[in-house]
Amino acid sequence: MKHRSAILVATLLLTTAALPLHAQGFKPAKPIEFVTHTGPGGGGDVFARGIAAAMEKEGLMPVRMQVVNKTGGGGLTAMAYLAEKQGETHTIAVFTGIWFTNPIMRKEAKFTMSDLTPVVRLVLEPAVIAVKNDAPFKSLKDFIDAAKQNPGQLKQSAGSLGSRDWVVRQLLMKNTGANWAYISFPGGGERIAALLGGHVNMMVIEPQEAGEHIRAGNMRVIAQVADKRLPAFPDVPTIQEAGFNVPNVPQVRGIVAPPGVPADVVAYWEDLFARFIKTASWQKYLADNMFENGYMRSAELRAFGETFSETTRNILKEGGVAVAR
Amino acid sequence: MLQGFAVALSPLNLAWCFVGVFLGTVIGVLPGLGPAATIAMLLPLTFRMDPTGAVIMLAGIYYGSKYGGSTTSILLNVPGESASVVTCLDGYQMAKRGRAGAALGIAAIASFIAGTVGVVGLMLIAPPLAKMALSFSSPEYFALMCLGLAMVVLLAGESMVKALLAMLVGLWVAGMGTDLFTSTSRFTFGSAELLDGIDFVVVAIGVFALGEVLGNLEVRQGPQMLPVPKGLRNLMPTWQDLKDCRFAFLNGSVVGFLIGVLPGAGSTIASFISYGIEKAVSKHPEKFGTGVPEGVAAPEGANNSETGGAMVPLLTLGIPGSGTTAILLAAFILWGLRPGPLMIQDNPVLFWGLVASMYIGNVMLLILNLPLIPLFAQILRLPAYILYPAIFGISIVGVYSVSSSLFDAWMLAGFGLLGYAMRRLDYPAAPLILGFVLGDGMERALRQSLMMSQGDLSILVSRPISATMLFLTVLMLIAPLFRRANAWRVKAMS
């Protein structure tokens, strides 16, 4: 009996001794502050709460994740908040493409993504190009040809300047020489309403959002903004397959931490999210939203960020947008 | 529909409905924290629930919050949520005259009637109405907002010039932040905090609540702030009040519902427009702003039936029209439902269950709110040295809870001083709020329209709906001139 418990103790000691080697010692000791730059219900907020809920359901973390909304400045407020938490190990944030693009465009920005500690990239969100079901365009080429014949007459309902919709348009216009109007609507609902009401001709839309309108016969997808065809749209070509030589522009989301966070903390998050993305909850989340897994570790993410910023800066400059840095 | 009631009346769903409307009332009473934030926070808890129960509860929070919103508007001049700003105008004046209980009662009854009308509309005419809403685009929204802005002639007190100046300040403040079309910063003074513009809560609570408190501090008062009559009977609206409000109930219900159906409008506009209509058709328009029950019933009705309206594009098209419906949409996706044009066909149990629960929820809210009125009215018995600091506290916490930003708390102080200065100089606050609410959307709609027409202004008058609304706007603007000319003529004749 005594012998047995001694073995047990030894095993326990061994495993606890082995753990730090694996996780480099860091383990969260209090609730994690999980920052997002959107208000409740916004894209980043829903994403963050989705992660927090799935983490809890899967029991992967010893502590809770508390979502904190730091809205304002299209991400700049949240970035500044994070940047001021130098070395803080219990704060992480969800970033999106706007965290790279906005500091490029804004002289108000005090910090850029390179001031923060990249942790992991999590998803790539593909998109589709949709038109109303009774529109004459059967393919992206039809749309582009019509735009060439009537310069500036066709309209795209979309988000703000510098968003993914805008980048897709800039790239397509540059590649083809066509030209169409870009009408900004702040809410996704208004963009869809403008398309379904026949007030605009085309939009770049998230596949999940488009799905139901297609099923109801209100909308038609003419191309995909994705590296390869999405399972839900096997018959629709990607932009490249449709014959347009433009780079793919995914919406990217992932996790960053404040500046100066120790390497063992970054390693903890990298490992945690590596396990997290394999869970059933997360796989279902990706499938439901038609997101692609875009997992990348910290070092790769840093390199990705640099390229991404550089590409965006060039597209912005070519699109005639003033670049601040 | 019967099937829907069977679903909604199951004990568990009844319980969820009650939890929802109760929470809704609570967060509606608290300024700042709105239904969108509450639903977002509760979302993770609903994953393990049956989706029907969850949607019944979350929708309960949404329409329940509209009931609660009027409470602090009436009692303290603190708008509990954005749509109840208009309720402050006459509700707070009623409270000042010792009729707080009556005002709260009117608000609850108007909410109940309009809330129910909204659900009836949702049940009977949702799909065709949603189709009609799609014919609204930027030119129509611009015309609608013009019509809303023309309400300023009705909100003006003694001086039209002062009202117009206040409105211009509101429009200017609305223009701060980032230009949506060019991404240029406007009036941000190099500060990142101002890039998203100024939150509505900051402006409304600052100008109304803090302005009022600062103004009252000037007067040395006895321990009791406002008169509260004794006896339950005196705390309830009289039959005469209800009779006076007959048209207001109808007006609020219909206007709120129709504007709710439009994804680009919103409940604050709905309440302003129904208040304006009420004043325009009233036999005694000059009494508005001094505490008439119709001035409470119309906007409170409008912001309640607006929730029924907002459910129309959400449930029949999958198009959210506001922050709250956007998060409901996100919730649907998280539960694995597919919101969109086919949702009613795919999930009849959920849809009809939800509709039935909204009838039940409205009854629950009425039963929940009426007995609370005497209790709430007692708040006004508190001495000023307790009440005023409490209002300050509630206001700051309310603002901070929206953005967790101290910068916003300082802005609140700034707008409080502005509100105080406006009171001292006799500038009405409502036109400022009106300009602020409409400014952003109006500018956007105009520029979107011009982009659609490649700069041709005729797009605004060549579309029938927008032309009609612009015509009404012109009528609204010239009506006071006629009235004045008429008054002169009468004077000259006598």
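Two strands are taken to pair if DSSP finds at least two bridges between them, and by that rule strand β5 (residues 127-132) of chain A pairs with β8(A) in the antiparallel sense, over 3 bridges. The model described here is a predicted one. Chain A, whose secondary structure comes to 11 helices and 11 strands, has 325 residues, of which 50% count as buried.

**Chain A as a whole**

- Along its principal axes, the C-alpha trace of chain A spans about 90 × 45 × 35 Å.
- Among the contacts in chain A with a separation of 6 or more, 78% are accounted for by residues 24 or more positions apart.

**The open sheet β8-β5-β9**

- In chain A, 3 strands form an open sheet in the order β8-β5-β9, and the pairing is antiparallel.
- The edges of this sheet are taken by β8 (203-205) and β9 (219-225) of chain A, each of which has a single partner strand, so one side of each is left without a neighbour in the sheet.
- From one strand to the next, the twist averages 35 degrees.
- Within the pairing of β5(A) with β8(A), Ala130(A) has Met203(A) of β8(A) as its bridge partner.

- Strand β10 (residues 251-257) of chain A is mostly covered, with 7 of its 7 residues buried.
- Strand β3 (residues 91-96) of chain A pairs with β10(A) in the antiparallel sense over 4 bridges, and the bridge partner of Ala93(A) in β10(A) is Val256(A).
- Strand β4 (residues 117-125) of chain A also pairs with β10(A) in the antiparallel sense, over 7 bridges, and Leu124(A) stands opposite Val252(A) in β10(A).
- Ala257(A), which has its place in strand β10 of chain A, counts as buried because it has 25 C-beta neighbours inside 10 Å, where 20 or more are needed.
- Although Ala257(A) and Thr117(A) are 140 residues apart in sequence, they are 5.0 Å apart in space, C-alpha to C-alpha.
- With its neighbours within four places in sequence left aside, Ala257(A) is in contact with Thr91(A), Ile92(A), Leu116(A), Thr117(A), Val119(A) and Val266(A).

**Strands β6 and β7**

- Strand β6 (residues 155-158) of chain A and β7(A) pair in the parallel sense over 4 bridges, and Ser157(A) stands opposite Ile183(A) in β7(A).
- From β7(A), Ala181(A) and Ile183(A) point one way while Tyr182(A) and Ser184(A) point the other way, and all are buried.

**Met173 in helix α6**

- Met173(A) is found in helix α6 (residues 164-176) of chain A and is partly exposed, with 18 other C-beta atoms within 10 Å.
- Met173(A) and Ala147(A), which are 26 residues apart in sequence, are 9.5 Å apart in space, C-alpha to C-alpha.
- When its neighbours within four places in sequence are left aside, Met173(A) is in contact with Ala178(A) and Asn179(A).

**Where chain A touches chain B**

- On the chain A side 51 residues are in contact with 47 residues of chain B.
- At least two residues of this side are supplied by each of α2 (43-58), β2 (65-69), α3 (76-83), β7 (181-184), α7 (188-196), α8 (207-215) and α10 (280-289) of chain A, and α2(A) gives the most, with 7 residues.
- Divided by class, the side of chain A that touches chain B has 19 nonpolar, 21 polar and 11 charged residues.

**A helix pair in chain B**

- The axes of helix α4 (residues 51-76) and helix α17 (residues 348-369) of chain B come within 9 Å and cross at roughly 40 degrees, which makes α4(B) oblique to α17(B).
- The crossing of α4(B) and α17(B) is right-handed.
- Residues that make the contact include Pro51(B), Val55(B), Ala59(B) and Tyr63(B) of α4(B), together with Leu350(B), Leu354(B), Met358(B) and Leu365(B) of α17(B).
- By class, the contact of α4(B) with α17(B) has 11 nonpolar and 7 polar residues, and no charged residues.

Key. Residues numbered from 1 in each chain as written. Chains lettered and ligands numbered in written order. Predicted model: local features only at pLDDT ≥ 70, side-chain atom pairs only at ≥ 80, totals over all residues. Axes fitted to C-alpha atoms, helices over the stretch in contact; angles between N-to-C directions. Buried ≥ 20, exposed ≤ 12 C-beta atoms within 10 Å, placed from the backbone. Contact = placed C-beta atoms within 7 Å. Nonpolar A, V, L, I, M, F, W, Y, C, P; charged D, E, K, R; others polar. Parallel < 35°, antiparallel > 145°, perpendicular 65-115°, else oblique. Left-handed = near helix turned anticlockwise from the far one by under 90°.
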